[in-house]
Each structure stands twice: as C-alpha cells, then as structure tokens.
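Please keep the sequence and the structure at hand while reading.

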Amino acid sequence: MTATPTGPPAATPAADPGTGRPGEAVDAPVPLRRLAPLAAQHVLAMTVAPVSTVFLVAGTLRMPPGATASLLSAVLLLCGAGALLQSLGVWRIGGRLPFVMLPGGAATALFLQIAQEHGAPTAAGAVLLAAALLLAVLPLYARVVRFFPPLVMGVTVLLIGIAMIRVAARLVTGPDGTGEPRAVLLAALTVAATVAAYVLLRGVWRQTSVLLGMAVGTLVAVTTGLGAFTPVAGGGFALPALLPFGTPRFDLVAALPLLVFSLTTLAEITGQTVLNSEIVGRTPVPERDVPRVARADALVSLAGGLFGTSLMVTSAENIGIGRLTGVRSRFVTAGAGVLLVGLGLATPVSRALAGLPEAVVGGSALVVYAVIAVMGVEMLRRADLSGTGTGSLTAALALTAGLLPLLSPDLYAGFPAWARTILGSGVVAGTLTAVLLTALLGRFGPGRRARE
C-alpha cells in the first residue's frame with residue numbers, strides 16, 4: 001500500500017512533447033527508441049515490490065522453490081496486465097493515466113494473517129470476496145470514502161506496517177522466532193546495503209535501492225557462506241499455475257480484514273488519481289476517474305485471487321519518474337506493462353529470483369514494511385490531532401485496540417471464534433475503532449457542540 005496525499009497541491013499543466021499544449025502530455029505517443037528505455041526505467045523502479053512481496057508470502061507459507069517461482073511469474077504478469085489496463089483503459093475500466101499496478105504490501109500482510117489462521121485456500125477466497133466488494137460499492141463511492149479520512153487511513157497503515165515488521169522478522173529468525181546469528185547478520189548487511197544505496201544514489205537508481213540491497217545481500221551470502229543462492233531448475237516460457245492453493249474457500253468472518261481494507265483503498269485511490277491527474281496536466285474529475293481506477297484494481301485482484309496473490313493495487317510510486325524525466329505519457333507505463341508481462345512469462349527470471357537467501361529477503365522486507373509504518377505516521381500528521389479536538393483521543397484508542405492483539409496475543413482466547421477473528425486482528429480492530437469513533441465523536445463530540 002502506497003500512501004499519497006488526498007489533497008495535493010496544484011501542479012503546473014504538463015506540455016505535450018509534440019505540440020507543447022498543456023494537458024495533452026498524458027495522451028502523447030512516444031517514439032519507440034525513447035519508449036523502450038523509459039518503460040524499462042519504470043520497471044526497474046517498481047520491481048522490488050512484487051519480488052519482496054512474493055518472497056514474504058513464500059517464506060511465511062513455506063512454499064517450495066518451484067511454487068515460489070510460479071507465484072512470482074503470476075505477480076509479474078498481473079502487474080503488467082494492470083499497468084496496461086490503467087494506462088490504456090477499456091470502456092469504463094482503467095483511469096487512462098500513467099499508473100503501474102503492484103501487489104499491495106498492506107493487503108499482503110492481511111492475506112498472510114488469514115492464511116496462517118484459517119489456511120491459504122481461505123485467504124485466496126478472501127481476496128476474491130474483497131475484490132467483489134470493491135466492485136459492488138463503487139456506485140456508493142461518495143458515501144463510502146468519507147468514512148476513511150486521513151486519521152483512519154493513518155491508523156490502518158501504521159498498524160499494517162507494525163504487523164508486517166513482525167511477519168518479515170520471521171523470515172530471518174524462522175517460525176520459532178530464534179534466529180541463527182549468521183541469518184541475523186546477513187539480514188543486517190542487506191539492510192545496510194539498502195540504506196547505502198538510498199543515501200548514495202540518485203534518480204531511478206535510488207528508487208531501486210531495496211532491489212540493489214537484495215543483490216548485495218545475495219552476493220555477500222554466496223561469497224562468505226552466510227547463505228546460499230539456489231535457483232530453481234528450468235527454462236523457457238510458461239504460464240503460472242492456476243489455483244496454487246487449491247479451490248478457494250469462502251468465509252466472510254475470516255475475510256473481514258481484507259474486506260475492511262478493500263474499502264479503505266478508495267480513499268487512497270482518490271488521492272493517487274487526483275495527484276496523477278494534476279501532474280500530467282489533466283483536470284481531476286474524481287467522481288469519473290476514481291471508479292474507473294478502482295474497477296481495474298478490482299478486476300486484476302479477482303485474477304490475483306485465482307493465481308494465489310493478494311489484492312493488486314494501483315500505485316503512485318512511479319509518478320516521481322514522470323516528474324524526473326518530464327515525460328507524462330501513459331504509453332510509457334503501458335510499455336512497462338508489456339515488459340512486465342514478458343518477464344512474467346520468462347521462467348528463467350522467476351526461477352533465478354526464487355533462489356535468493358531467505359534472510360536477504362527478510363532484511364529487505366523489514367525495510368519495506370518499516371517504511372509503510374512511517375507512511376502511517378505521515379498520514380496521521382495530516383489529521384487534526386490537536387488537544388482541542390477529538391482526533392488525538394480517536395487515534396489513541398484506535399491504536400490501543402490495534403496494538404493489543406500484537407502485544408497480548410492470548411487476550412481474546414476465551415471469546416467465540418468470530419469475535420477472535422475481528423478483535424484478534426490488530427488492523428481490523430484498530431480500523432473499526434477509528435471509523436466508529438470518528439463518526440460518533442464527530443456527531444456528538446465537543447467539536448460538534450462548538451459548531452452549533
């Protein structure tokens with residue numbers, strides 16, 4: 001999940017490279033000789049998300065290397081299909097903006113939580129239910145999105161980041177939580193390499209710092225004996241496996257974490273769509289464009305549920321590249337989609353990546369999900385947390401509800417199963433608390449009486 005401002009400042013309209021007229025750059029074709037390197041640059045900037053997400057899932061669920069390679073192929077294919085759909089648009093599906101699509105880090109955390117507690121088939125079914133819910137609520141978009149202001153989104157993202165750090169740590173320590181010193185050292189070296197790349201590099205290379213950290217960590221593992229690089233045998237081109245976890249199982253109560261999260265994504269999609277529209281010089285029309293972007297997210301997520309992934313989300317991570325290069329054309333991200341589809345079909349790529357040491361992936365995942373937690377803090381800073389309002393009390397109680405299951409896992413052990421599913425998920429408990437308190441205190445709190 002990528003945090004973006006819901007009310008970005010107005011950007012200077014971009015000029016079409018061919019005509020110089022503002023507002024047309026997004027639809028401007030790009031010559032192939034320029035399109036290929038620009039598209040490759042977008043792929044480099046976003047590759048770390050699918051790679052780290054797949055290894056987090058595979059490591060947590062103890063998937064064999066062959067299944068890991070197949071899952072990575074599926075994710076790359078879906079990322080490519082999503083970028084094509086959002087960039088080019090079909091009917092009222094896709095925003096026709098320079099977007100890429102990624103597996104949501106926050107959604108992956110909830111997917112893994114469901115898989116660990118109720119089994120991978122139930123997690124796959126939860127993805128399908130959440131994607132269907134997102135499609136179903138789009139006609140009520142304006143009414144639903146108001147329940148997820150920055151305060152609620154900040155609480156949700158912060159809790160997801162904290163939960164994911166705990167999950168990522170298990171890739172380093174193993175399921176029993178007691179890591180070998182060499183695994184901890186390898187993870188630490190991977191984190192150090194990532195930080196060094198981020199500090200020393202610039203531009204698109206800085207955006208690939210996590211990927212570079214994984215490469216350095218793998219090199220250190222091989223040369224020092226701290227780990228092993230063991231690619232999966234095979235070559236050529238192949239399609240990923242359908243239903244890798246078997247037939248999906250549908251359980252509404254177990255799926256609740258992802259169902260709630262799918263609704264919160266509407267607020268994020270709104271911010272990203274407005275931001276991207278303004279950057280490319282198009283007048284934002286949220287009531288038209290946000291449902292189109294969300295439909296593409298939901299449809300690709302439905303396919304993701306069949307291929308074993310969590311929810312796929314449109315990302316604003318690559319907007320910075322557009323600002324850096326001055327090229328705002330949606331055909332560049334469409335080209336990136338074509339490259340991603342090719343990478344997904346090229347099994348040697350996914351099979352090689354499947355051989356990365358687990359501690360290296362764990363170290364990289366710690367960086368990625370720590371950043372997600374910080375994004376939650378940044379979103380909370382945009383909320384009114386002054387002492388005169390109810391925001392600080394809402395945030396405090398919501399974070400308490402969300403952190404209790406993490407700090408005291410057996411707190412709700414004596415409750416019925418459905419209550420344990422809801423209260424025992426820090427993300428669900430914290431988000432629901434934030435939504436309810438925002439609604440109740442907004443109606444009956446001191447701020448309301450002061451306005452009256």
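## A residue in a loop

Is R282 buried or exposed, judged by its relative accessibility? In this predicted model, R282 has a relative accessibility of 17% and therefore counts as buried, since buried means under 20%. The residue sits in the loop between α11 (256–279) and α12 (286–307).

The side chain of R282 reaches the backbone oxygen of R96 at 3.1 Å. When neighbours within four places in sequence are left aside, the residues in contact with R282 include V26, D27, G95 and L97, as well as R96 itself, together with S277, R288 and D289.

## Aromatic pairs

Two aromatic pairs are found when the whole structure is searched. One of them joins F111 and F245 in a tilted arrangement, with 6.4 Å from centre to centre and 45° between the planes. This pair links distant parts of the chain, as F111 belongs to helix α4 (residues 105–118) while F245 lies in the loop between α10 (209–224) and α11, 134 residues apart. Both F111 and F245 are buried.

Y412 and F415 also form an aromatic pair, which is edge-to-face, with 5.4 Å from centre to centre and 90° between the planes. Y412 is buried because its relative accessible area is 16%, whereas F415, at 39% relative accessibility, counts as partly exposed.

## A nonpolar surface patch

On the surface, V195, Y198, V199 and L200 form a nonpolar patch whose accessible area together is about 420 Å². Among these residues, L200 is placed in helix α8 (residues 181–200), and L200 counts as exposed because its relative accessibility is 67%.

Definitions and conventions. Residues numbered from 1 in each chain as written. Predicted model: local features only at pLDDT ≥ 70, side-chain atom pairs only at ≥ 80, totals over all residues. Heavy atoms only, no water. Patch = residues over 30% accessible without salt bridge, like charges linked within 9 Å, V, L, I, M, F, W, Y side chains within 5 Å. Areas by Shrake-Rupley, 256 points an atom, 1.4 Å probe, with all protein chains shown as cover. Salt bridge = Lys/Arg side-chain N within 4 Å of Asp/Glu carboxyl O. Helix = DSSP H or I, 4+ residues; strand = E, 2+ residues; numbered from the N terminus. Buried < 20%, exposed > 50% of the residue type's maximum accessible area, 1.4 Å probe, protein only. Polar contact = N/O pair within 3.5 Å; in protein donor to acceptor, adjacent residues only side chain to side chain. Contact = heavy atoms within 4.5 Å. Phe/Tyr/Trp six-rings, centres within 6.5 Å; stacked < 30°, edge-to-face > 60°.
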